[in-house]
Number of protein chains: 2
Amino acid sequence: MLTERQSLILQVIVDEFIQTAQPIGSRNIAKQEHISYSPATIRNEMADLEEAGFLSKTHSSSGRIPSEKGYRFYVDHLMSPSQLSKQEIKTIKEHFNDRMIELEKVMRNSANILSELTKYTTFVLGPEAYETKLKQIQIVPINQQSAIAILVTDSGHVEHRSFALPGHIEQGDVEKIVNILNEKLTGVPLIYLERVIQSEVVDLLQQYTTSYEQSYELLQDALFGKQASNIYVSGKSNILMQPEFNDINKARSLFNMMESEDQIAPILKMNQDGLHISIGQENNMEAMSQCTLITATYSFGEKQVGTIALLGPTRMEYSKAVSLLDLWSKQMSHSFQNWYKD
Amino acid sequence: MLTERQSLILQVIVDEFIQTAQPIGSRNIAKQEHISYSPATIRNEMADLEEAGFLSKTHSSSGRIPSEKGYRFYVDHLMSPSQLSKQEIKTIKEHFNDRMIELEKVMRNSANILSELTKYTTFVLGPEAYETKLKQIQIVPINQQSAIAILVTDSGHVEHRSFALPGHIEQGDVEKIVNILNEKLTGVPLIYLERVIQSEVVDLLQQYTTSYEQSYELLQDALFGKQASNIYVSGKSNILMQPEFNDINKARSLFNMMESEDQIAPILKMNQDGLHISIGQENNMEAMSQCTLITATYSFGEKQVGTIALLGPTRMEYSKAVSLLDLWSKQMSHSFQNWYKD
DNA sequence: GTTAGCACTCAACAGTACCGAGTGCTAATG
DNA sequence: CATTAGCACTCGGTACTGTTGAGTGCTAAC
């Protein structure tokens with residue numbers, strides 16, 4: 001599709017533009033060591049590349065900047081993986097050297113570290129609860145009318161939910177319910193909870209508690225109230241540092257998008273297997289039309305279920321971002337294995 | 001200090017400037033209905049006000065804008081409380097009509113609602129644990145080497161912390177510890193926890209557990225690990241909507257400040273009793289030199305301990321902000337009373 | 001004490017000229 | 001025939017100029 005020389009020139013332009021955010025002229029390209037053509041030759045090639053849609057100009061006599069198609073080609077064919085600095089590698093490895101106990105902390109820290117290292121905004125979508133199993137249930141009455149249900153999973157996740165106690169439920173019944181639940185539900189994967197409750201717990205409740213209706217109601221409220229979100233975001237304001245968002249209005253619309261979980265969640269939940277780069281309009285979102293989103297799934301046990309994503313300008317340091325995500329997800333999977341050995 | 005007429009003019013200028021963010025000229029002031037002086041008179045008064053430091057100009061022939069001293073005088077002497085709209089009152093009251101169970105949720109929602117209503121950034125510093133008492137302690141082992149400690153307080157607050165299990169502690173000991181803790185510590189105010197443990201629990205541990213050293217270590221890790229922060233922030237990006245932050249660099253430095261809890265916390269924790277307005281440089285922080293921070297303490301039981309704050313430009317809708325905070329804190333105290341009745 | 005009138009100031013805007021970086025095209029070159 | 005030197009051209013950026021209009025400060029009259 002592209003000649004050797006065109007690829008080379010495209011690569012130089014993208015690499016250079018990523019660094020400087022300035023249109024690249026033919027003279028500057030010719031100056032590079034590994035380029036042995038005159039500016040005129042390069043200009044001819046650049047004209048061809050522009051005609052083919054890989055480059056564009058900001059005005060008729062400006063240098064060239066990569067188009068989205070140009071970035072796409074760069075990402076698919078030209079990009080060379082960057083060597084991470086020792087510092088970067090160290091930071092990530094240290095993060096995973098700490099004993100991982102609570103999954104949430106790992107997620108939150110991951111988001112912080114990656115946004116720190118990349119200077120882009122980082123999203124981490126925690127693993128869905130497919131495989132995690134219930135470890136323990138606790139119900140703590142707070143006063144006459146309300147109580148808190150606490151669920152602990154074998155991934156160290158603690159979820160708690162407050163709910164109103166049904167009128168006139170008896171204290172003894174609450175205890176019985178908790179006992180029944182722990183007996184029947186410990187070790188059950190969270191997604192089967194409801195099913196197991198229907199098949200095994202309901203009968204017992206009817207049998208052993210004096211206020212069955214209320215107990216069942218309690219259970220519903222306590223276990224199936226709306227689940228807390230498991231998206232961690234870090235470095236939102238990094239995006240302000242990028243010169244493409246010197247225009248405050250672009251920054252505003254992007255912030256609006258980032259603040260609304262409804263808009264973020266579906267993008268992350270697409271769960272495209274492995275590493276996926278989505279450039280500019282490929283994102284199908286107005287606010288992100290100048291941004292690139294790199295998503296990577298990570299595996300947790302057997303099924304892959306979590307997603308981590310970096311959001312930056314289309315002029316993103318692709319190779320560094322990819323290398324970092326790569327190292328991160330390898331470490332992550334590795335740590336999970338150790339974790340599950342226990 | 002200021003004549004009646006000067007006060008009137010200052011008030012009009014501040015009110016007007018808060019709405020428009022544009023310097024106010026003498027002609028525009030004279031046009032207002034309740035002003036019966038000619039522009040020339042007003043100009044003279046404005047010159048005096050400027051000399052006294054209440055006003056300033058953006059350039060030698062511009063209209064006047066309030067100085068920080070001007071805002072200060074306005075806030076202290078001229079501001080009339082604004083009538084909140086029915087919608088605003090309704091929103092706040094509905095928020096408090098919902099059964100309050102978890103304090104955290106109340107805090108988080110409060111931050112969201114106030115930032116929504118004011119379009120400023122809202123900080124809520126949750127109440128310190130002075131009065132809250134321990135309701136229950138639970139320790140859930142996750143695997144051989146780690147466990148999660150869960151504390152529930154009578155304010156519905158759930159705190160959990162993961163910690164490494166000391167090597168070779170016996171499962172039976174963990175249960176014994178939990179039993180001892182619950183027996184001795186239930187109802188103890190959190191701030192006395194450590195003291196009570198020293199005086200009443202340590203001995204028992206020595207007596208009843210076979211691995212005392214480890215048990216004590218466990219206890220330390222579980223209960224006195226670093227506490228989660230209790231600052232809730234909402235509407236950070238609202239600040240971008242203010243024209244004074246069209247300059248992206250100002251926005252950047254403010255964002256940097258807001259993202260660092262180390263910088264926010266001390267300001268909120270000053271806990272100045274009641275409502276306190278701190279304008280521009282009064283904040284003693286470079287990044288906030290163009291901002292006003294309104295803080296209000298709210299009472300929780302006997303001692304006042306929580307703080308809520310609004311951060312906006314110095315050109316803030318003071319009267320609306322104050323009225324909203326006022327209504328909010330009244331509702332908050334009122335709800336707490338009901339809460340404690342139980 | 002108040003106000004009309006006027007000279008003055010300055011930001012904002014439009015117009016002009018110029019510079020320099022960069023292009024596209026053409027014709028010369030190896 | 002691919003490559004390159006040369007040159008005319010384009011256009012953003014900057015500096016300078018003049019104009020307009022909103023607004024002030026001052027003075028003199030009411």
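## Terms and basis of the model

Helices (H or I, at least four residues) and strands (E, at least two) are DSSP runs that are numbered from the N terminus. In these terms, Asn284(A) has its place in the loop between β8 (275–279) and β9 (291–299) of chain A.

This is a predicted model, in which local features need pLDDT of at least 70 and side-chain atom pairs count only at pLDDT 80 or more, while totals for chains, interfaces and linings use all residues. Residues are numbered from 1 along each chain as its sequence is written, chains are lettered from A and ligands numbered from 1 in the order in which they are written, and side-chain values use heavy atoms, with hydrogens and water left out.

## Overall form of chain A

The secondary structure of chain A consists of 13 helices and 10 strands. The C-alpha trace spans about 90 × 40 × 30 Å along the principal axes of chain A. The radius of gyration of chain A is 26 Å, whereas a compact globule of 342 residues would have one near 20 Å; the value is taken over C-alpha atoms, and the globule rule is 2.2 Å times the number of residues to the power 0.38.

The domain assignment, whose bounds come from an automatic or database source, divides chain A into domain 1 (4–78), domain 2 (86–127 + 230–341) and domain 3 (134–224).

Of the 342 residues of chain A, 53% count as buried, where buried means under 20% relative accessible area, exposed over 50%, and partly exposed in between (1.4 Å probe, protein chains only). Among contacts in chain A (heavy atoms within 4.5 Å) between residues at least 6 apart in sequence, 60% join residues at least 24 apart.

Chain A exposes about 16000 Å², of which carbon and sulfur atoms supply 45%; such areas come from the Shrake-Rupley method with a 1.4 Å probe, and for residues only the protein chains shown count as cover.

Gln331(A) is found in helix α13, which covers residues 318–341 of chain A. Gln331(A) counts as buried because its relative accessible area is 16%, and, when residues up to four places away in sequence are not counted, Gln331(A) touches Ile92(A), Lys93(A) and Phe96(A).

Asn284(A), by contrast, is exposed, with a relative accessible area of 71%. The phi of Asn284(A) is near 60°, a positive value in a residue other than glycine.

Lys119(B) lies in the loop between α6 (103–118) and β3 (121–125) of chain B, and has a positive phi of about 65° although it is not a glycine. Its relative accessible area is 44%, so Lys119(B) is partly exposed.

Gly235(B) is found in the loop between β7 (231–234) and α10 (248–259) of chain B, where it counts as buried at 12% relative accessibility. With residues up to four places away in sequence left out, Gly235(B) touches Ser115(B), Tyr120(B) and Thr121(B). Gly235(B) and Ser278(B) are 43 residues apart in sequence and 20 Å apart in space, C-alpha to C-alpha.

Ser36(B), in the loop between α2 (26–31) and α3 (39–51) of chain B, is exposed, with a relative accessible area of 64%. From C-alpha to C-alpha, Ser36(B) and Thr153(B) are 62 Å apart in space, and they are 117 residues apart in sequence.
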